Amino acid sequence: MFRDMRRVDRDKGSLAGIEILKNSDVSFLSTISVDNGYPYALPMNHVFLDGNIYYHCSKKGHKIDNINENSKVCVSAVSYYEFVPDKFTVGYKSVVVFGNASIVEDEEEKRKVLKEVIKTYSTDYIEDGNKYIEKLFKITDIIKVVPEKISGKTSKE
């Protein structure tokens with residue numbers, strides 16, 4: 001169903017891919033546009049929780065429309081990137097994930113994800129973050145990506 005990585009010597013597998021994702025602050029969520037069929041990629045903060053990738057966002061917008069029409073998505077992230085000028089290359093750790101996205105409807109799951117977002121990105125502000133969650137809970141959506149294939153890739157180390 002999915003192509004094998006061309007550079008198999010750099011394929012680090014799904015477990016390494018998960019670690020790369022966990023160590024990335026930003027990932028690109030790519031959907032297929034309902035407007036014209038072109039890919040639509042957005043850099044977003046994510047959390048990896050219970051084997052899934054989650055994003056918090058507004059209840060309306062291009063990505064939500066796209067996911068409601070076609071749940072197939074691709075996520076990519078880089079946790080390390082360094083130019084190696086004398087070797088005419090770069091050092092990197094990256095991950096590509098293919099999966100299906102949906103909007104989380106379960107309030108308990110939604111709240112759990114939002115708390116994980118606060119814990120991940122605002123560690124020193126948990127109490128204020130919990131208040132913030134409650135204040136914006138009804139106008140916030142959570143996108144859940146259930147991975148079908150995860151590929152970690154690194155340059156030669």
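Mentor: Let us begin with a term: two residues are in contact when heavy atoms lie within 4.5 Å. Leaving aside neighbours within four places in sequence, tyrosine 55 is in contact with Ser27, Leu29, Met44, Asn45, His46, Val75, Asp141, Ile142, Ile143 and Val145. This is a predicted model, in which local features need pLDDT of at least 70, side-chain atom pairs count only at pLDDT 80 or more, and totals for chains, interfaces and linings use all residues. Residues are numbered from 1 along each chain as its sequence is written, and side-chain values use heavy atoms, without hydrogens and water.

Trainee: Which pattern does the chain follow along the sequence?

Mentor: Helices (H or I, at least four residues) and strands (E, at least two) are DSSP runs, numbered from the N terminus. The chain has 4 helices and 8 strands, in the order β-α-β-β-β-β-α-β-β-α-α-β.

Trainee: What percentage of the residues is buried?

Mentor: Buried means under 20% relative accessible area, with a 1.4 Å probe and protein chains only. Of the 157 residues in the chain, 37% are buried.

Trainee: Which residues touch the most other members of the largest nonpolar core?

Mentor: A nonpolar core is a set of buried Ala, Val, Leu, Ile, Met, Phe, Trp, Tyr and Cys residues joined through side-chain atoms within 4.5 Å. In the largest, of 21 residues, they are Leu29, Ile53, Tyr55, Val75, Ile143 and Val145. Strand E7 (89-103) is among the elements giving two or more residues, and E7 provides the largest share, 4 residues. A second, separate core of 11 residues includes Leu49, Leu114, Ile133 and Ile142.

Definitions and conventions
Buried < 20%, exposed > 50% of the residue type's maximum accessible area, 1.4 Å probe, protein only.
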